[in-house]
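This report covers domain layout, selected residues and charged pairs. The sequence and the model come next.

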Amino acid sequence: MAEVLVYVDHVDGAVRKPTLELLTLARRLGDPVAVHLGPGAEDAAKVLGEHGAVKVLAADAAEFADYLVAPKVDALQAAYDAVSPAAVLVPSSAEGKEVAARLAVRIGSGIITDAVDLAAGDEGPVATQSVFAAGYTTKSRVTKGTPVITVKPNSASPEPAPAAGAVEQLAVSFGEQATGTKVTSRTPRESTGRPELTEAAIVVSGGRGVNGAENFHVIEALADSLGAAVGASRAAVDAGWYPHSNQVGQTGKSVSPQLYIAAGISGAIQHRAGMQTSKTIVAVNKDAEAPIFDLVDYGIVGDLFQVVPQLTEEVKTRKG
C-alpha cells in the first residue's frame with residue numbers, strides 16, 4: 001500500500017489532537033508515515049503508532065526552533081524524497097499552511113487547504129472543502145504532482161489503529177533560506193486552562209448581545225462547565241470586550257467543533273464563515289429574526305442573561 005506523509009504538530013514532543021485526526025484520515029489513503037521535527041520523537045512515537053503510523057521519520061536540530069518555517073520545509077522535503085508518498089497531509093494551522101504551500105512549490109505539486117474531509121479516489125485523494133464563506137461545499141483533487149493537503153482541526157475523530165510506529169532518523173540538509181529569518185525571542189501565551197479555540201470539541205461564543213467586557217463571565221462560566229473554548233464575534237472584539245485571538249469568523253479563526261453555542265450573536269456572514277462547518281450549532285438571541293437562526297440546529301429566542309446562566313446550572317447539575 002502507498003505511504004502517506006503526516007506532518008506532526010506537537011509541543012515539546014506532546015502530540016496535538018489534529019495530528020491524530022490526520023493519521024485517522026491518512027489511513028483511508030494508505031499507510032501513514034509521521035514526520036516528527038524537534039525533540040521528543042521517541043516519546044511521541046508511542047501515541048503516533050497507536051493511531052496508525054507505520055513509522056516515524058524523526059529529525060532534531062536547533063534550526064527548527066531558532067528560525068522560522070524554512071528549516072521545517074527542508075525536513076519535510078527530505079521526508080518526501082525518502083518516501084515518495086501518495087499524499088502529504090499537514091494540519092491547517094497558520095504555520096502548517098505556510099509549510100505546506102512552500103513544500104508544494106518546491107516539489108511542483110498542487111495544494112488544497114482547509115479540507116474538512118478526505119476520501120480515496122480512483123485518481124488520487126478527494127478533499128471536501130467548505131468555501132465562499134461556507135456557502136458551498138466542494139470536492140476537489142490535485143491534478144499535478146503529489147497532493148499536498150492541509151486539514152482543518154476537528155475534521156475527523158481520532159481512531160486508534162495500532163501500528164509499528166518505529167522511529168527512523170531523517171537526514172536533513174538545510175538550504176540557504178533556512179537561516180534567513182531568526183527567532184529572537186518568545187513570549188509564552190498566558191494559559192486560561194481552556195482548550196485551544198481551533199481544536200476544541202465545544203466552543204461557546206459571545207457577541208454584541210453580551211453588552212460589555214464585564215459581562216463575558218456569563219459566556220466563560222458556560223464554557224468552563226462544558227470544558228469548552230471561548231470565542232467572540234468581530235463586534236465584541238472590535239468593541240474591546242474580548243481579545244482578538246478569540247475572534248471567530250472570516251477575519252478571525254475558523255472553528256469546526258462538535259458543538260458551537262452562539263450567545264448574543266446576530267449571525268453576520270463574516271462570523272458564519274468561521275463556524276458554519278460546526279457539527280451542531282445552538283444559538284441564543286432575543287431577536288427572533290436574527291440571521292443566525294437560519295443556520296442553527298437548535299435556537300432559543302430569549303435574553304442570554306437569563307438563558308445562559310440557567311443552561312450553565314443545568315450542565316453543572318447533570319455533571320453532579
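Is S256 buried or exposed? S256 is buried, with a relative accessible area of 3%, where buried means under 20% relative accessible area, exposed over 50%, and partly exposed in between (1.4 Å probe, protein chains only).

The model is predicted: local features need pLDDT of at least 70 and side-chain atom pairs count only at pLDDT 80 or more, while totals for chains, interfaces and linings use all residues. Residues are numbered from 1 along each chain as its sequence is written, and side-chain values use heavy atoms, with hydrogens and water left out.

**Domains**

The protein chain is divided into domain 1 (3-169) and domain 2 (202-319); these bounds come from an automatic or database domain assignment. Taken over C-alpha atoms, the domain centres are separated by 31 Å. Contact (heavy atoms within 4.5 Å) involves six residues of domain 1 and 11 residues of domain 2. The two domains bury about 660 Å² between them, 52% of it on carbon and sulfur atoms; buried area is the accessible area (1.4 Å probe) that two parts lose on being put together, summed over both. On the side of domain 1 that touches domain 2, the residues divide into three nonpolar, two polar and one charged. Here Ala, Val, Leu, Ile, Met, Phe, Trp, Tyr, Cys and Pro count as nonpolar, Asp, Glu, Lys and Arg as charged, and the others, Gly among them, as polar. Between the domains there are zero salt bridges and one residue pair in polar contact, both at pLDDT 80 or more. A salt bridge is a side-chain nitrogen of Lys or Arg within 4 Å of a carboxyl oxygen of Asp or Glu. A polar contact is a pair of N or O atoms within 3.5 Å; within protein, one must be able to donate a hydrogen and the other to accept it, and residues adjacent in sequence count only if both atoms are side-chain atoms.

**Selected residues**

S256 sits in the loop between α7 and β14 (259-263); helices (H or I, at least four residues) and strands (E, at least two) are DSSP runs, numbered from the N terminus. A polar atom of the S256 side chain lies 3.1 Å from the backbone oxygen of T277, and the S256 side chain also makes a polar contact with the side chain of K279 (3.4 Å). Leaving aside neighbours within four places in sequence, S256 is in contact with P153, N154, T277, S278 and K279.

N154 lies in the loop between β10 (148-151) and β11 (166-169) and is buried at 3% relative accessibility. Most residues other than glycine have a negative phi. The phi of N154 is positive, near 70 degrees. D114, in strand β7 (residues 111-119), has a positive phi of about 60 degrees and is partly exposed at 26% relative accessibility.

**Salt bridges**

The count comes to 15 salt bridges.

| Pair | Distance |
|---|---|
| E159 and R27 | 3.9 Å |
| K253 and E196 | 3.7 Å |
| E314 and R318 | 2.9 Å |

K253 lies in the loop between α7 and β14 and E196 in the loop between β11 and β12 (202-206), so their pair ties together parts 57 residues apart in sequence. E314 and R318 both lie in helix α9 (residues 304-319), four residues apart, about one turn of the helix. E314 is partly exposed at 36% relative accessibility, whereas R318 is exposed at 70%.
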